[in-house]
Amino acid sequence: MALTLTCPVCGKRNGYEFRYGGEDKGPRPAEAGLTPRAWCDYVHMNKCTAGVQKEWWFHRDGCGSWFTTWRDTTNNLEVEQPEASK
Amino acid sequence: MNRLNQLPTLRINPSEKLSLSYRGKSYQGVAGDTVATALYANGVRVFARSLKYHRPRGLYSLDGECSNTCMDVNSIPNIRTENTLLKDGMVVKEQNVMGSADRDWLSFIDKLDWMMPAGFYYKTMHKPASMWPVAMKQIRKAAGLGVISADYQMKGQYDELFLKAEVTVIGGGAAGMTAALAAAESGQRVVLLESRPHLGGCFDYRVSATGDGTPLYERARELAEKVEQTGNIRVFKHTSMVGAYNNNLITGFQVGNADDVFTERYIEIRSNSVVVATGCIERPLIFDHNERPGVMQAGCAHRMARTYGLLPGSEAVFSVGHDLGLEAAVDLFDLGLKINCVADIREDGQNAELMLALAERKIPVLKGWVASKAHGSKKVEKVTLSTVEGTVKRDFPCDLLVASAGLTPVTGPFILAQAKMGYDSHTGYFLPTELPAKMFPAGRITGINNPGSIEASGRLAGLKAAAAAGADMGKTVADAEKAASTLPGPERGCKLVTAPVKGRKSFICFDEDTTIKNIKQAIDMGFDVPELIKRFTSAGTGPGQGGIPGHNLPLFVAKYTASINTPVPTTVRPPLVPTFLATYAGYNHHMFKHTPLNDSQKADGGIFRNIGVWQRARYFSDDFECKEEILNVRNNVGMLDGSTLGKFRIHGPDALKAFQRVYVSDMSKVKEGRIKYSAMCNDDGCVMDDGVVVKLGENDYYFTTSSGRAGQTVEWIRYHTRFDGWDFHLVNLTDAMGVINLSGPNARKVLAKVVDIDLSNEAFPFSGYKEFFIKDTIFVRAMRLGFVGEISYELHVPSSCTQAVWDMLKEAGAEFGIRNFGVEAQNVLRMEKCHIILGQESEQRTNLLDVGLGFLWDRKKADAKTVGAVALRQAEKDVGRLKLVGISMEDDTRAAREGALIVDNKVRGYVATMRKSFTTGEAVGMALVESQLADKGTRLEIFEDECNGVRLYARVVPMPFYDPTGERMKN
Amino acid sequence: MFWKSKPLWGDKTRLKSSYDAVIIGGGLHGLATAYYLAKEHGITDVAIIEKRFIGFGGAGRNTAIVRANQRTQYNVPLYKEALDLWPVLTKELDYNLMFNNCGNLNLMHSEAAMKAARMTIATAQFHGVESHLIDAKEAKEMVPALNISEDITFPIHGAMYHPPGGIVRHDAVVWGLAKGCAKHGVQIHQQTEATAIHTEGGKITGVETSRGRIHTPRVLVSAGGYSAGIIHHMLGIKLPISVLTIQAMVTQPLKPILNHVVSSGAYHCYANQTLKGEIATGAHMDQWPNYTTQNTAHYIKHQAEALSDWLPCLRGVKFMRIWGGLADMTPDMAPIMDGNDPIEGFYMDCGWGYFGFKSCSAVGKYMSEYMATGNCPDMLKPFNLRRYENHQLMGETAALVSYTPDN
Amino acid sequence: MGEIKRESPVRFTASPTKSEVRDNWTVALEYDEEGQGPWLVDLAHKTRWDLQDNKVGEQRPGDLTVPSAPGDCTFANNTLVNRMNRTQASIYHLGAAAPAMPDFSGYTDVTESTVFLALFGPNAFFIAEKLASLDFLDPAKTAPFLYQGPFCHVPCQIVTLEKAADGAGGFLLTCSRGYGDSMVHAILEAGVEFGLRPAGENCFNTWAQGLQG
């Protein structure tokens, strides 16, 4: 595969310039009342989607931005944001 | 052997003689020869012996689809001599023989094939169990083809190239060239790759004519000239395409000419669209002894004569299934080859002109006939032809059997690009059922063979590719489409799978000696998918990969299983052409960082280590225990190059908020003129980093990180604040400032000679921070720290001036005996103070509290959602966690080795760091132990590697081991 | 011909409407568990549901390396047992698994790595597993092709030498276990896809497949890299797993040159010579989750660069084939084996990363016991799923975890 | 302050035939046999600033505007302003002396942070394509423009100042200072076949002046 990612600042680039930052799980939960299970769910657990997922990337060798993108994990291609998630 | 020296199609220069040595004898070839054609010209017919049965193997295809002509060239094994250009002075040896290729003592194995049905290894040799290791040794010796010596050093220059283009065209035949020319009309950048040393493809050696009467070879040369003269086409000849990946990334490698600076070079091309014009190879004809020397494919025989001037035999029989075979027969006859018979598998559908030409030459043609057996032990002497049903047979004498079942499109680029492949019943090819994005086929790969059609399809593909790459092509695409549609389309392919044979000696894969019979056995055992059969029989896994069996295997499986299914193609994997590691490695640049003090540290005898991205001085003498370095810091004064330390500025209205998120301490308490030590945890509460923070102004800080974390600091802070939209900015100053650590009881005296600020303990106390200039020029950030446990100044100075400051300090310290100390000495010094190094005394199972840094954690800032705080709170009361403790050996003369285990009947922890301390005389260190064993005074049992059951003992002791009150570093 | 070719793992059978146990995934772990369920626990009414063909996934794509020199006390005994089982299984299955007990050398490239190796070696020795620290010269004597000079990216300081390890022919294990399964009555259903797992009142009731519904009280998901996705998709249980592609490649076949498995963490690279003579090498993983099993241009080049450094004679050898497989990585580089929580009758065996092959025999033994008795054997207890929320990561890797599997 | 010598992270084996001391730097003005290009010039002594602010577009470094789109550059009066992202720009002072840094907290002097090289002349981009897969000759781009990306595996800022389809033109490159030795070695090695040579500041000035009209 050759992963190509579209950095919002630098445009389309070789995927190896980037670092993967995990499935998008939303903002950090508040600390108050956070159970170990809920904490673990946020920190460690993944959906492992076989298909399109929203995920974080960091342009390590480039502009240093964190951004999200939609990618199909079955072919490693970036895709448009799916209608269902809009 | 006399060459046909006057042919206009030649790609050799008969007047430029080159020599090569083979089996101790010197032979002559000419410029343009491949190693194999030169040997062939000198009468060599058996080039190698096969892997398993040691059958003699000869020249078969000229394009390297099998290992038949793999030889050792200049001590490099497995060189495909049939498409490796001859260079003067080459030394060639045959492989996998005992004796010689001609007389191989191991050829008797060929008779033992009945003992070796498919998968026989799995069913035998393990009974009794003691037999297997013995058998395995023999198998290993017998397996493998070439030899590489353990001390072999590859010669030559290996280069690399990363190209960008709008359109890449793979294949420099007529279709590829017209595609490149068409795409180039748009003005876009076009890259054209051709695996042979010259452009021309299947036109290059053919004298038959195009529609306007131009011989094909002339047409090819015309096109080549146009291509070479087009400024926006970059042509790479002798360049094999080896990989195709998502987003049209294409990889390949080029073999250098005599005047190139590189021996080979790796090429990576990123382009918007790709034209695949790779043409066809021939589908091997399967019959008994179908790989005897003297059996060769039609294109091979034809090119031997036309390209290399070598008539490949004297008396020939043809058994072919396509018109190119008939064309070759006609042309080779005209060049002087006697042809006893041409058997055409097809009952009908032959090109009428070619049939007429054969008749004119009185060459007997048998339609619906096929070769069923080649006779002769080392060379073909006779061939049995039969009807395709096997009902009638006739023998013909010959020393050349041109055998070819049909054509096989070279679809590797499509398969690698993840195209779904399907069986096309008209052509009999496996073709993409859906094309990968912006990838276009051109030429014979689509099943066409008419020269006009080939060019038209090339032009169409080139225009489409340019349009897909963003060029406005107007209606040229539509016009080209129309033009192509009026020309002859894909031709019906020959469907014969095998000659009418049982298949015991009919080889479907030459490299692995896999026969038709083996395939039947595998299917009978339940391996009914081509991919599984490959694994079980090894077919297609040899040096030629799928080149020989790739097309035939699925056809045969479908036929044998009488499958409801149509044939299922096998996969192809990169590299499409075996590629040297040296070539893939290319430059292999080693990129390391040097500190501003690198040269002087080297000059001072520093022994360097690669630590992360940096090269650092670890020792300054052969004494790797660093006694002198350590004692000099304890008793006098030393200097360490700490430039690798991470250094950052953070500023902006929300800088403090960001700090509160990532640091465990309450960073609002950082005061100007003082340094604050703190740590960053991950969400599990593990310490990821520690360092100091200095406040420069409101929401403006300078902070340090450990050397190993500097590269990730910006990423880390931005990651953990990515949802917050905070306004803060980070500047990485790691490389901007050199760091000199001046430590030891005399440090203050030394520094006083160089700077003119008040260094008294009152004016510049421990944990103090000062900014000043040296000689009004060099700006210094100075911190009083105590990592090594003595009076210590950490001077951050602009990188360009670091050496100057270092030299001043060195000069100033000369009277005290100042000397360097390295990373290892620092490691011991700080261990005596129990200052931890992350990763050394901490690991995945330990959190901030476990390693004794809990005092840094401020619990009262829940709103900050500090990274790690939740985990720390939740795990705080858990028992059984690993805790960091100080330990002292009962026997001070015997420090436990680092990594030794703390045990009872189970593993309870391990020794993280330990030294016999030169300072205290004790054997002390730090260990991670389960919390039940962490109380002071607990006796620990230590299990060392290689201890043979002898345990060592230590006790948990208070930390630190040296100067517990910290007077020395605070004075 | 001295034997007749007949189907190795039985004739094709119809899928029944009910089984005592259903195993999703016809890889090594599924086959081994089914084999032991039938052989040791008398549960023979077992169906293995395989979407493609047996050994399609990691079972047919792995390194083939076996060893028992892991870092923690939880792992070493498990892998030791697995290692001891190869000769036993060869005999039991009457199928040559081709265990090449050539020993493993794990190269160390820094003082810090040498220390880390000592801890691993002490752990091995404490558990009766042979493993030794050797210096660079000794390593060079064992592997003459090794470059122990200083002028490479990661100069070699020494190695962890582990004599009991080696290589096992991975395909043979698949086919041998399939043969053993069939012998004991287990049904292997290839080209059959599990599409749903049914539960009722917190208990497993059945599995929906592309060939119909199956009633069963027990389901094991042992689908290698596909497990985590299946478990989330079918049962809504999230796991601390990232599915990455790991690649391997072979060179053209050579006469014997490497007599050990040699690996290097710093270079992300191992190399060993197969019985056919190819140098098999690999190890790199791209850090983004995907199910493609595609290989990359980046990696084959990286591998050539790495080997050019530490096995420089291979520069004169050609790469012939590269492929990829899936590795389901957990944050602590240790697997998850759990059952009956939160669904009774549901078992999972996943998160093996790139250790699934070397462990399969022992795991089959213990997972089958778990499934047969409903009680977790002591050997498997540390591998429960709850360890992550209990802040008890296993520490099979020393590295610190951040937001990606390898930090 | 004669005795304080500032050191560049870049060392060429050739010695300059003409040099001058400027702000404690020894600036090489000319080398022997600089040839017909391509050339590699060490610009470590040229002042660079980092500018970050939420409203970075409102700043006027060296009296120039900060371009609005990331990747765009303004080049005039020997000053180059490169827009990096929404909040950040880099400023290179290519003249003999730099102005004082404005009294605004968004600026940081990063002269000491980086290696600063100019590679220009005939075939400059044929050297670049041996070291990086960035598309310097992208027909859609007009010089000057900024790339932030890897060059010889090292993250760099690269400003293309001039380009032509035949590979001629040139660019400025900055990367972490520590990579100086490795980077120069890699570039010179890649440039051998094109006759790449170290050159002095004069050679650079001639080129840079020509670009500013």
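## Chains C and D

How far apart are the nearest C-alpha atoms of chain C and chain D? They are 12 Å apart, and the two chains do not touch. Contact here has a plain cut-off: two residues are in contact if their C-beta atoms, placed from the backbone, lie within 7 Å.

Before going on, keep in mind that this is a predicted model: local features need pLDDT of at least 70, side-chain atom pairs count only at pLDDT 80 or more, and totals for chains, interfaces and linings use all residues. Residues are numbered from 1 along each chain as its sequence is written, while chains are lettered from A and ligands numbered from 1 in the order in which they are written.

## Who touches whom

There are 5 pairs of chains in contact, and chains B and C share the most contacts among them.

Chain D meets chain B too: 35 residues of chain D are in contact with 36 residues of chain B. On the chain D side, the elements giving two or more residues are strand E4 (48-52) and helix H2 (180-191). H2(D) gives the most, with 4 residues. (Helices, H or I with at least four residues, and strands, E with at least two, are DSSP runs numbered from the N terminus.)

## Chain C as a whole

Chain C has 8 helices and 19 strands. Its radius of gyration is 21 Å, close to the 22 Å that the globule rule gives for 407 residues, so chain C is as compact as a globular protein of that length. That radius is taken over C-alpha atoms, and the rule is 2.2 Å times the number of residues to the power 0.38. Along its principal axes, the C-alpha trace of chain C spans about 65 × 60 × 40 Å.

What share of chain C's 407 residues counts as buried? The figure is 68%, where buried means that 20 or more other C-beta atoms, placed from the backbone, lie within 10 Å of the residue's own.

Now for an open sheet of 9 strands, with mixed pairing and the order E29(B)-E17(C)-E13(C)-E16(C)-E15(C)-E14(C)-E4(C)-E6(C)-E5(C). Strands pair if DSSP finds at least two bridges between them. E29 (579-580) of chain B and E5 (132-135) of chain C stand at the edges with a single partner strand each, so one side of each has no neighbour in the sheet.

Further in, E13 (residues 242-251) and E17 (residues 318-329) of chain C pair in the antiparallel sense over 10 bridges. Thr251(C), for instance, has Phe319(C) in E17(C) as its bridge partner.

How values were computed. Buried ≥ 20, exposed ≤ 12 C-beta atoms within 10 Å, placed from the backbone.
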